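Please open the model in your viewer and keep the selection tool at hand. The stops below say what to select next and what is there.

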Number of protein chains: 2
Amino acid sequence: MSVCVVGSIAFDSIETPFGKRERALGGTAVHFALAASFFTDVRLVGVVGEDFSAEELHLLESRGIDLRDVERVDGGKTFFWRGRYGYDLNVAETLETQLNVFAQFAPRLSAASKRARTLFLGNIQPGLQRAVRAQCTGARLVALDSMNYWIESARDELVRAISEIDCLLLNDAEARQLTQQPNLVRAARTIRSWGPRTVVTKLGEYGAYLFGEHGFFGLPGYPLEDARDPTGAGDTFAGGFLGYLAARGEEEPTDDALRCAMTYGSVIASFNVEGLGTERVQSLSREEIEERFAQFRRFTHFEPIPEAAR
Amino acid sequence: MSVCVVGSIAFDSIETPFGKRERALGGTAVHFALAASFFTDVRLVGVVGEDFSAEELHLLESRGIDLRDVERVDGGKTFFWRGRYGYDLNVAETLETQLNVFAQFAPRLSAASKRARTLFLGNIQPGLQRAVRAQCTGARLVALDSMNYWIESARDELVRAISEIDCLLLNDAEARQLTQQPNLVRAARTIRSWGPRTVVTKLGEYGAYLFGEHGFFGLPGYPLEDARDPTGAGDTFAGGFLGYLAARGEEEPTDDALRCAMTYGSVIASFNVEGLGTERVQSLSREEIEERFAQFRRFTHFEPIPEAAR
C-alpha cells in the first residue's frame, strides 16, 4: 500500500562542528520519502524550481519514489534553508530562509495520490494541510507534523487540522506549547480529545513516546556516539513510522504494529543523524535497518528474575 | 545483604503548584533509605540536630532502617532546605539552605557499616565521599551521586572519588558538565575510563540510561499524569537500584540484574514524584512496586512481527 507525503523539497546549506554541506538535498517531504521508501511505495507531493536538477530527481526515483505530483515552476527557485548547529545539536540556528516557489505552493493531488491509503501532512501551513487532507479521500491513516511557528501564528487552524487526522507527531516542546500543558501525558490526552487516536512525542536523544488506544509505549534514544546533523530527523522518523504501517496495510494499526513502527522510525532517524543532510539514509540498506532494530530490542529488553534466583 | 548509605538527613519546606509542606522529612540519605528498605536492610550514616524528633526516628526504624550510625548533635539543628517549583517541575528554585549540623559532618562508620557489601555515597563533599569509601573496607559495590556544585567547586577531588567507585549515578546535565562532552555516550565512556564499570544517567521524565560492561540499556520515564514534587527522585532511584542489587548479593551484578535494578529504581522514583516529600514512598507497598514493574514491561516491550504476518 502506498504512502503519500506532502511537504517541502529543499536545498539545505548546513554547518555543524562535524562538517559542512552547500545546497544538499533536503526538506520534509524528501527526508520522509527516503525513509518510507525502505518499506513501501511513496508518492511525493511538492514543488521545485528550475534549479532542481535531473540528478536530484533521479536520486529520488531510484528509491522508487513517485514524483508525478511534484510541480516544477519555470523560472522559479527551490526552497532554500541555511542553518548552523553548535556542539549541542539540539539547537539549530537559522541563518537564512528563502521560501521561493514554496511561498505559492498549492498542492494538487493526482487521482492516484488521492487514493493513497496512508497520508503524511508534513510541516506546512495548517490550512494547506486541511486542503490536502480533504483531497485525499482514500486515506485511512492520516498523520500530521507541525512546528512552533504554526502553533504561534495559526493555532486555531492547526487545531482544526489536527481534529481531522488519526495520528499527530510533534516534539515534546511543541506538544507542551500547543496544549499549554507542561505534563506530556496530559498534553497527549488533550490532543487525543481533539480527534487523533494516536499521539507520538519525539524526544530527540531521549527517544520517543506513543500515547494511543492501547496505552503508552516508550522507546529510549539510540545511543549515538557520532551524531553529526539532526536536520530532518523528525521527518525521517515519520517516514519510517508511517512507511512501515503503510506496508502492513491494516485498516487500524495493531498495538504490536505501532510499537514496531516506532522502532523503525527511531532506527532510520538515528542513521539520518549520523550523516549530513540525507547522505547516510541514501546509502542505507534494509539489512542495516534490521540490525539496528534488533539492537533496539537488546537495548530495551528486561524481564523479572524469578524470586528463587535472587 | 545490607546496603549502607551516607548523605544528608534534612527537613525540607517545599512549595509546588500541587501543594506545600513545612519541614517535611527529607534529604538524600532518607530518600535513598526509604526506597532501598523495600528490598534489603539499610544502614544510614548521617547527622541530625536536637530538633529531629522521636517520631521521625521511629518512622525510619519502622522501615527496618538501622540508625545506629546517625549522630545526634546536642544543641544543633538539622539540615534545612526550602525550595519552590513552578509548573515546570524540572526546575527547582532554592529559597533557603541552612547546613546547620551538616556543615561539620564527619561520617564515622561503625564496624557493622564498614562490613556492608553495598555502599551509596550520596551527594556530599567529594573528600568526605572518599573518606567513607576508604572506611567501608567490606564494600564490593560502591555507587556515588554528585551535583553541579561539586563539579564546579571541587572537580579534581570528585574525579578522584569517582575513580575509586564501581557505579556513578548522575543526571544527564551533570554528566555533560563533568566531562565537558555534550554527547551522552561519549560522556559515559569518559567516566568509565576513570574507573567505574557502570554509569547511569538519570533523565527525569525521559527515563534513565545505563552504560556498562554489557552495553547500553535504556528505559523511558513512567508516564506520570500526577507529578507533584520531584524532590529526592534521584536519591529514590538510587535507593531502588542499589537496594535491589544489594538484596541479590552478587559479587558482580549480572546484565539482567542491572536491567531490573534500573526498573525498580524508576518505579520507586515515579511513586516518589507523585507525593510531596517522602509521603508517597512512606505509604507504598511491595505489591504496588511489582505492579508498576510489570507496567514498565508492557510500556517498553516490542517484538518483530514475522514477515508472513505483514
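## First stop: a buried glutamine

Select Gln129(B), which is buried at a relative accessible area of 0%, where buried means under 20% relative accessible area, exposed means over 50% and partly exposed lies in between, with a 1.4 Å probe and protein chains only. This is a predicted model, in which local features need pLDDT of at least 70 and side-chain atom pairs count only at pLDDT 80 or more, while totals for chains, interfaces and linings use all residues. Residues are numbered from 1 along each chain as its sequence is written, chains are lettered from A and ligands numbered from 1 in the order in which they are written, and side-chain values use heavy atoms, with hydrogens and water left out.

Gln129(B) lies in helix α4 (residues 126-135) of chain B; helices (H or I, at least four residues) and strands (E, at least two) are DSSP runs, numbered from the N terminus. Leaving aside residues up to four places away in sequence, Gln129(B) touches Leu121(B), Gly122(B), Asn123(B), Ile124(B), Leu144(B), Asp145(B), Leu158(B) and Ala161(B), a contact being heavy atoms within 4.5 Å. If you then select Arg298(B), 169 residues from Gln129(B) along the chain, the C-alpha atoms of the two are separated by 38 Å.

## Second stop: strands of chain B

Select strand β4 (residues 42-49) of chain B, where eight of its eight residues are buried. In a regular strand the side chains alternate between the two faces of the sheet. On one side of β4(B) are Val42(B), Leu44(B), Gly46(B) and Val48(B), on the other Arg43(B), Val45(B), Val47(B) and Gly49(B), and all of them are buried.

Which strands pair with β4(B) in the parallel sense? Strand β1 (residues 3-6) of chain B does so over four bridges, and strand β5 (residues 65-73) of chain B does so over seven bridges; two strands pair if DSSP finds at least two bridges between them. To find these pairings, select Cys4(B), whose bridge partner in β4(B) is Arg43(B), and then Val45(B), whose bridge partner in β5(B) is Asp69(B).

Move on to strand β2 (residues 10-16) of chain B, which is largely enclosed by the rest of the structure, because six of its seven residues are buried. A hairpin of two residues joins β2(B) to β3(B), and β2(B) pairs with strand β3 (residues 19-26) of chain B in the antiparallel sense over six bridges, with Asp12(B) standing opposite Ala24(B) in β3(B). Six bridges also join β2(B) to strand β6 (residues 79-85) of chain B, and these two run parallel; here Phe11(B) has Phe80(B) in β6(B) as its bridge partner.

In chain A, select the four strands that form an open sheet of mixed pairing in the order β3-β2-β6-β7. The edges are β3 (19-26) and β7 (92-98) of chain A, each with a single partner strand, so one side of each is left without a neighbour in the sheet. Within this sheet, strand β6 (residues 79-85) of chain A pairs with β7(A) in the antiparallel sense over six bridges, and Arg82(A) stands opposite Glu96(A) in β7(A).

Over all chains, the structure holds 39 aromatic pairs; rings of Phe, Tyr and Trp (its six-membered ring) pair if their centres lie within 6.5 Å, and planes under 30 degrees apart count as stacked, over 60 as edge-to-face and the rest as tilted. Select Phe217(A) and Phe302(B), whose ring centres are 6.1 Å apart and whose planes stand at 85 degrees, so the pair is edge-to-face. This pair crosses between chains, from strand β13 (residues 215-219) of chain A, which holds Phe217(A), to the segment after α12 (286-300) of chain B, which holds Phe302(B). Phe217(A) is buried at a relative accessible area of 1%, and Phe302(B) is buried at 4% relative accessibility.

For a stacked pair, select Phe32(B) and Phe120(B), which are 4.5 Å apart centre to centre with 5 degrees between the planes. The two are 88 residues apart, with Phe32(B) in helix α1 (residues 28-36) of chain B and Phe120(B) in strand β8 (residues 118-121) of chain B.

To finish, select Phe39(A), Phe217(A), Tyr244(A), Tyr264(A), Phe293(A) and Phe302(B), which ring pairs link into a cluster.
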